[in-house]
Amino acid sequence: MNIYKHLDKHMDLTKIQDFKGDEYELALVRYVLLIISKLFYRSTIFFLNDEQIEQRHFLYSQKMNPENITSFEIVCSSYCSIIKEILKNKYHIEVELIETDRDVFKHVALLLHTKKGNRYFIDPLMDLSEMKAGMRTHNFASKEKSDNPYIRVKIENLNFLDSKTLENMDDKIGYKKHHMYMDEMLDVLKNKLSDFKQISDAKTKKEVAKHILKRPVKEIEYKDILNFKIIAFAELVRKNITVRGLVDFMIFIQSALEKILTYEEKDKIKISDFFVDTGDLKDENICEFLNSNENRKRGIMIKYSNQCMLLSTENTNYLLFTKDQWEKIKNRNHIFIRKKEHIQSYKYLSTLELEPNILDHREFLKIFSKIERKIIKDNKQPKDYIDIVNRQKIIVNYKFSIEFCIENNRLVLFNKKNGKKYAIHYEDEGRNVTYKLI
């Protein structure tokens, strides 16, 4: 695809002609980001397969030609580079690529230099899933940036765009759905669900449920409030947005459910991604639902109560199964669910800037979580037993000593108790994990 021609076809610059000076340049950048956000999406390999370090290096360094785009999978570096080229070549707008941390895969964002000499910080990747869904963004020339984990360098002499002017821009370029940000639509849904929960009369409850879902309902759908909230959310998404890209869709789902669920309800759900190869598919409805030309088809699962909901970027509908039904489907079709252990020390280790290729490696998280649970069970603090060496190695000293580092693009584990060192081979996206003595 030729992006320049695509922008000519989908952009109407008369929509932003009333903006002047810096505001015009910012509105133009915002408009470009909106149009191309529908095309590009976070790379599945890079963002979901932290263990495939060699492939991640390739994706991080790849270059794209705006006149001949053959793949729309991006990472921060490739996305910002192509945006810079588009803005400079087509609209004569100057932006600078800036690195905002010290990781191996340094996060890349943009610094807009306006013709008046002002500087605005823009992070296209951090706002990508929000832009796809029509949500408010927090990393577009904003003084009140969201909790952006990648900004670890101080950026001096910045100018900022106020939220009211940004909203005016979004109105002009057609960013919103039904003149509302998705955040506002979620707030409306949250309030409706809160009112619904208070209804005791069965007949009224059914009528209100029907009104919320905007379709006929069955009692089984709204009998359990958490189940009804998840269904209502899925219906809202189905009727209003299409988020291209599995990683971006997953980020949106997590963010959106944060807004409509209570603290207790959030603890009861688990969101995972899964994949299945075409040759393993036995159920026609699953095949049609995932509806991808790729041999490896992907989807998202929300697990809660006794239910499993499947969502797909290739389909605006959703599938709902009981846990027993899902287990049979999963086994029959050889569906692989990608699990990632949660560790309480994650934020602490991230603050210490531990090498992300270690911190986000599933085998590291799996092993560390077991040690962490033992430490906590003994009423001790995990951080008291952790040493980080030059960000490149983590040593855990608790009853025995174990080290983790990256060597030759693989996670390496050294057990000081028995003196053995293992290279962890993480193959086929985690379906095949082996420890080889080195």
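**Group meeting: a sheet and its aromatic contacts**

The model is a predicted one, in which local features need pLDDT of at least 70 and side-chain atom pairs count only at pLDDT 80 or more, while totals for chains, interfaces and linings use all residues. Residues are numbered from 1 along each chain as its sequence is written, and side-chain values use heavy atoms, with hydrogens and water left out.

I turn to the sheet. Strands here are DSSP runs of E with at least two residues, and helices are runs of H or I with at least four, numbered from the N terminus. Strand β6, residues 269–277, is joined to β10 by three bridges, and the two run antiparallel; strands count as paired if DSSP finds at least two bridges between them. The sheet is open and has five strands in the order β9-β8-β7-β6-β10, with antiparallel pairing. Its edge strands, β9 (315–322) and β10 (336–338), each pair on one side only. On average, neighbouring strands are turned by 30° against each other, direction ignored. Helix α15, residues 323–332, packs on this sheet and touches β7, β8, β9 and β10, where contact means heavy atoms within 4.5 Å. The direction of α15 makes about 110° with that of β9; axes are lines fitted to C-alpha atoms, for helices over the stretch in contact, and angles run from 0 to 180 degrees between N-to-C directions.

Next, the aromatic rings. Across the whole structure, a search finds 16 aromatic pairs. Rings of Phe, Tyr and Trp (its six-membered ring) pair if their centres lie within 6.5 Å; planes under 30 degrees apart are stacked, over 60 edge-to-face, and the rest tilted. F40 and F72 form an edge-to-face pair, at 5.3 Å centre to centre and 65° between the planes. This pair links distant parts of the chain, 32 residues apart: F40 lies in the loop between α2 and β1, and F72 in the loop between α4 and β2. Both F40 and F72 are buried, that is, under 20% relative accessible area, against over 50% for exposed and in between for partly exposed (1.4 Å probe, protein chains only).

Y222 and F228 also pair edge-to-face, at 6.5 Å and 80°. Y222 is buried at 8% relative accessible area, and F228 is buried at 0%.

Finally, ring pairs link F46, F47, Y60 and F105 into a cluster. R56 lies over the face of F46, 4.2 Å from the ring centre. Elsewhere, the charged end of R30 sits over the ring of Y175, at 4.9 Å from its centre; the criterion is NZ of Lys or CZ of Arg within 6 Å of the ring centre and within 35 degrees of the ring normal.
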